[in-house]
Amino acid sequence: MNLLIVFKIAGRALARNTMRSALTMLGIIIGVGAVIAMVAVGQGAKAQVEAQIASIGSNLLMVFPGSTTQGGVHAGSGTVTTLTEEDSRAIKKELSSVWLSAPTVRTVAQVVSANQNWSTAVTGSTPAFFPIRDWSFESGSPFTQSDVDGATKTAVLGKTVANNLFGSRDPIGQIVRIRNVPFKVAGVLSPKGQSAMGQDQDDTVIIPFSTLQKRIMGVTNVGAILVSANSPLEAAVAQEQVRLLLRQRHHIPPGQDDDFTVRSMSDIAAAAEASSSVMTLLLGSIASVSLIVGGIGIMNIMLVSVTERTREIGIRMAVGARGRDILLQFLVEAVVLSLAGGILGVILGVVGSRIVSAFVHWPTIISLSSILLAFTFSIAIGVFFGLYPARRAASLDPIEALRYE
Amino acid sequence: MPPLIQTENLWKIYRTGEIELAALKGISLSVTRAEFIAIMGPSGSGKSTLMHILGCLDRPSRGRYLLDGVEIGGLKPNDLARIRNQKIGFVFQGFNLLHRTTAIENVELPILYDGLSVRERAARAGEALERVGLGDRRYHYPNQLSGGQQQRVAIARALVMRPQLILADEPTGNLDTRTSVEIMALFQELNRDGITIMVVTHEPDVARYASRIIAFRDGIIRSDRPVSRHTDAKEVLSKGLFESSKDARGEVP
Ligand SMILES: Nc1ncnc2c1ncn2[C@@H]1O[C@H](COP(=O)(O)OP(=O)(O)OP(=O)(O)O)[C@@H](O)[C@H]1O
Ligand SMILES: [Mg+2]
């Protein structure tokens, strides 16, 4: 029998029960839509993390005080004060694989201009901080090493802080007060936008390391050391060299744990990627459950349909339909149902992810492969769940089917 | 040339729970080509059972059935489907048309399972509808047709594959006398073209249009005789001689 005719007959049979067909398809529509939207959200998150990490630079290393596994318990960064400014200087001076190194310390403080105030993260560091973070200036200039040496009251503002304190006025040369200590604004950073975690990276103030330690916080420790390897290729070497150097400097005997942690961007990237892959997989599999439920719905309706149309099957058999003609007819009906559901589901998924992007501001990526997968999956579901009812129809005895009331 | 239908000692035993019921008890029958047979008998005597077996819709419990020289007993379901499609046209008392399907599409149904081209299919179905006098009702749905017209569509469907045999189980059971005679006229016409016709009926008035009458009782053939005086249904129609007891009852002339 001509396949085109089979499709025509199937389409017509489904059109006769519009409401029922639509409700049956709904399971597949929601399932496919959910798979596509969920995978789009997962992929979007993953791509954003990747882009973010790429923009930070894969030659970046971060050294935190405290081991990640001290007695099996993670000690939060900053709770241990094992790193010093000297460590940072030694890393830069003694390691051939290292290009730049900068100590940092952070706090949150109220920053006040003549008539505005703003609460923001204040980071103390050295001039090397800016090239390490690959952060250029929109106006003005960074503070210098002599500012760090002299602990001068010089500040560099992130774009968000500059906007909030000065609006359209030029902040360069103006005075801002950080915890009541007056600072002269030397420069404004170019905007970087949101981070992978959704934080505004431009909501920050950078001041000389020593000034923050002595004049504002009254501490002597280092929060973290940022290290930039000569190239991404040398990052792994630099990571190991930093570790060995610090162990030596901290006089850690062999066999004892490090009292610091060196993390490379690729570690962080791998962790972030792994977690977003897990998320994609999790969301995807939850969504596929609804696809399977949709498939069971199709099977249910097809079984009802076979029973209802027993007489029709008998008539078709009486005029010469073979078992396989009947099988094909019902199988194609199931596949048409699931395929139509799949197409509508793809549309729903695409529109749904757009809406998520527009309203929740999550990036979403709709990949062709997830659409193709959803299609193949919905056809497979139609065949899988349609086969049993279709076989039941095909195995009917002609005379029994004709007698059926 | 072998007879078109040859049965030897056909039995059909129905088993419902513990009870066994023999609907056919050894039917031996031979039908040559271009015969027109009426099968009569009281209700429950096994007429439909025999028709279903002859139509390859059902299988006998015992005995042999040769159709056109082919032993049916050894055939697989697909071969039986092929025979139903190619050699036999079946007409039912209740018409058995697909509802919500136009007349022409109902007639096309057997052709669908034969794999003829689209154009040939439409042409043949149209021809068959013309033949039963419904050329102008192609796109009517069964519920837009009278009982007689529906039965004509069913007959068109039965003859569209140009079968050798048409089996009709009480085709006029649901129709009035005039329409019944019209249907019999149609069968007579098809019979003249060489198609073998077997019609089950309760009405002697209908049976007289056949050339041979087989009477059943309790699953056996009680009598089998040729009709001596041939009646032409067309002639009866043109002379208005069809008034019978069936219509006269309760009707004002
Ligand atoms: N599927 C079945 N299961 C059990 N018994 C059956 C079945 N079909 C028919 N019978 C029995 O077989 C016998 C013959 O039935 P059949 O339908 O052939 O009679 P019939 O001559 O066509 O009667 P009618 O004139 O009323 O149509 C009946 O006694 C009937 O009860
Ligand atoms: Mg009967």
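**A tour from chain A to ligand 1**

Begin by selecting chain A of this predicted model, where, among contacts between residues at least 6 apart in sequence, 76% join residues at least 24 apart. Colour chain A by secondary structure, and 13 helices and ten strands can be picked out along it. The radius of gyration of chain A is 33 Å, well over the 22 Å that the globule rule gives for 405 residues, so chain A is more spread out than a compact globule. Turn the view along the principal axes, and the C-alpha trace of chain A spans about 105 × 55 × 30 Å.

Next, select ligand 1, whose surrounding residues come from chains A and B, so that the site is shared between chains. Of the 14 residues around ligand 1, those that come nearest are B:S43, B:G44, B:K47, B:S48 and B:T49. The shell around ligand 1 is made up of four nonpolar, seven polar and three charged residues.

Now show chain B as a cartoon and find strand 2 (19–31) and helix 1 (47–54), each of which supplies at least two residues of this shell; helix 1 of chain B gives the largest share, three residues.

Finally, zoom in on the oxygen atoms of ligand 1. One lies 2.7 Å from an N or O atom in the side chain of B:S48, and an oxygen atom of the ligand is 2.8 Å from a polar backbone atom of B:G44. Of the 640 Å² of accessible area that ligand 1 has on its own, the protein covers 68%.

Key: Residues numbered from 1 in each chain as written. Chains lettered and ligands numbered in written order. Predicted model: local features only at pLDDT ≥ 70, side-chain atom pairs only at ≥ 80, totals over all residues. Heavy atoms only, no water. Near = heavy atom within 4 Å. Polar contact = N/O pair within 3.5 Å; in protein donor to acceptor, adjacent residues only side chain to side chain. Areas by Shrake-Rupley, 256 points an atom, 1.4 Å probe, with all protein chains shown as cover. Helix = DSSP H or I, 4+ residues; strand = E, 2+ residues; numbered from the N terminus. Nonpolar A, V, L, I, M, F, W, Y, C, P; charged D, E, K, R; others polar. Rg over C-alpha atoms; globule rule 2.2 N^0.38 Å. Contact = heavy atoms within 4.5 Å.
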